[in-house]
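Please have the sequence and the model open while reading.

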Amino acid sequence: MSEPSIFTRILSGEIPGDIVIETEKVFAIRDINPQAPLHMLVIPKTEQYRDVTELAAGDPALLADMVAVAKQIADEHANGEYRLIFNNGPSAAQSVFHVHAHVLGNFEENKLVGF
């Protein structure tokens, strides 16, 4: 059996994390290395899916829940405007293989970072 992901460890309270939203199936935390004025991660509570492709094939309703939480974050923190990014695989900068979405927002007009 593999070790729990860092996200599972944050959710269980084993390591600190700033959980800003929690629903029955997902939670959101502030990114510890933000790439935008608003940068949060939306994470399913299950470790069953390594990446967004597996999640979309295995549980599209859970993917929809993640998008709904991303919208809630943007509504509360970024006037409803946001970028939603899933890194899929090591060469695409995925470093934690527990599917998660990056919610970025509050960029200066026409000044996006890193993409």
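Ala93 is placed in the loop between β4 (83-85) and β5 (101-105), where helices (H or I, at least four residues) and strands (E, at least two) are DSSP runs numbered from the N terminus. This is a predicted model, in which local features need pLDDT of at least 70 and side-chain atom pairs count only at pLDDT 80 or more, while totals for chains, interfaces and linings use all residues. Residues are numbered from 1 along each chain as its sequence is written, and side-chain values use heavy atoms, with hydrogens and water left out.

**Backbone angles**
- Most residues other than glycine have a negative phi.
- Ala93, however, has a positive phi, near 75°, and this residue counts as exposed because its relative accessibility is 55%; buried means under 20% relative accessible area, exposed over 50%, and partly exposed in between (1.4 Å probe, protein chains only).
- Asn106, in the segment after β5, also has a positive phi, near 65°, and Asn106 counts as partly exposed because its relative accessibility is 38%.

- β5 is mostly covered, with 5 of its 5 residues buried.
- Ala101, Val103 and Gly105 point one way from β5, whereas His102 and Leu104 point the other way.
- In a regular strand the side chains alternate between the two faces of the sheet.
- Strand β3 (residues 38-44) runs antiparallel to β5 and is joined to it by 5 bridges, and two strands pair if DSSP finds at least two bridges between them; Val42 has Ala101 as its bridge partner in β5.
- β4 also pairs with β5 in the antiparallel sense, over 3 bridges, and Leu84 stands opposite Val103.

**The largest pocket**
- The largest pocket holds about 510 Å³ of space; a pocket is an open set of points on a 1 Å grid over the protein atoms alone, where a 1.4 Å probe fits, with protein on both sides within 12 Å along at least five of seven lines, and its volume is the space filled by probe spheres set on the points, which are joined across faces, edges and corners.
- Its lining has 26 residues, of which Asp31, Leu41, Ser95, His100 and His102 lie nearest the centre; lining residues have an atom within 4 Å of a point.
- α1 (6-12), β2 (26-30), β3 and β5 each supply at least two lining residues, and the largest share, 3 residues, comes from α1.
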